[in-house]
Amino acid sequence: MLKLYIVRHGKTLFNEKHLIQGCCDSPLTAEGIQQAQKLHDELENIPFNACYVSPMHRAIETATIIIQDRDIPLFINNNLKEFNFGSIEGDSEDKLKDIYPIMQGLTVDNFDGETMQEFTKRILKGLDEIHKDHKNGNILIVTHSGVITALLSTISNLPKNDIVHIKNCSVTQLEWNYGWKLCN
């Protein structure tokens with residue numbers, strides 16, 4: 001059986017300042033580094049076959065801290081990157097409430113971002129690629145809250161606004177059993 005351990009990256013400067021991060025990047029804060037180190041300690045006895053990570057530096061840094069000196073191959077997967085908010089990236093998160101209620105599934109076409117359909121299709125393609133290469137074992141994935149929320153919404157058929165906030169360095173577990181199912 002294939003089991004995915006899907007981790008949101010550690011806390012970043014943009015998270016701290018409540019700025020829209022999306023595909024732009026900001027560094028992990030000292031707290032974000034500590035979160036990743038704590039997760040390293042919690043996951044150190046799980047035998048991971050591989051680690052797949054978003055190309056965003058915040059995700060790569062988190063994955064590197066979690067893996068440290070373990071012999072786990074790390075693969076960058078562009079399909080795991082965060083939602084592209086277009087020209088509103090770097091703006092206050094308050095702007096999302098006014099302009100783009102992402103949890104209600106609208107799009108940011110007017111801001112040169114991607115649609116929720118494009119985003120979800122991209123994420124599912126990434127999961128399919130991982131499943132194609134790994135039929136069983138444990139896989140670590142380090143990605144973003146938008147990716148995890150979209151996955152949970154798709155798998156559980158729940159509206160995105162019914163999904164709880166995904167905390168930094170939290171772990172969501174999925175298993176493949178003739179379809180993805182939530183474990184925790």
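Two strands pair if DSSP finds at least two bridges between them. Helices (H or I, at least four residues) and strands (E, at least two) are themselves DSSP runs, numbered from the N terminus.

**Before I start.** I am looking at a predicted model, where local features need pLDDT of at least 70, side-chain atom pairs count only at pLDDT 80 or more, and totals for chains, interfaces and linings use all residues. Residues are numbered from 1 along each chain as its sequence is written, and side-chain values use heavy atoms, with hydrogens and water left out.

**Entry 1: the sheet.** I started with the strands and found an open sheet of six, in the order β3-β2-β4-β1-β5-β6, with mixed pairing. At its edges I noted β3 (74-76) and β6 (180-182); each has a single partner strand, so one side of each is left without a neighbour in the sheet. On average, neighbouring strands are turned by 25 degrees against each other, direction ignored.

Next I looked up β5 with β6, which pair in the antiparallel sense over three bridges. Trp-176 has Trp-180, in β6, as its bridge partner.

**Entry 2: helices on the sheet.** Here contact means heavy atoms within 4.5 Å. Axes are lines fitted to C-alpha atoms, for helices over the stretch in contact, and angles run from 0 to 180 degrees between N-to-C directions. I saw helix α3 (residues 57-67) packing on the sheet, where α3 touches β1 (2-8), β2 (48-53), β3 and β4 (137-143). The direction of α3 makes about 140 degrees with that of β4. Helix α6 packs on the sheet as well, touching β1, β4, β5 and β6, and its direction makes about 140 degrees with that of β1.

**Entry 3: α5 against α6.** I then checked helix α5 (residues 116-133) and helix α6 (residues 145-156): their axes come within 10 Å and cross at roughly 85 degrees. That makes α5 roughly perpendicular to α6 (the word covers 65 to 115 degrees). From α5, the contact uses Phe-119, Thr-120, Ile-123, Leu-124 and Leu-127; from α6, Gly-146, Val-147, Ala-150, Leu-151 and Thr-154.

**Entry 4: two positive phi values.** Most residues other than glycine have a negative phi, so I stopped at two residues. His-18, not a glycine, has a positive phi of about 55 degrees and is found in the loop between α1 (13-17) and α2 (30-43). Cys-169 has a positive phi near 60 degrees and lies in the loop between α6 and β5 (171-176).

Are they buried or exposed? Buried means under 20% relative accessible area, exposed over 50%, partly exposed in between (1.4 Å probe, protein chains only). His-18 is partly exposed at 48%, whereas Cys-169 is buried at 11%.

Terms used. Parallel < 35°, antiparallel > 145°, perpendicular 65-115°, else oblique.
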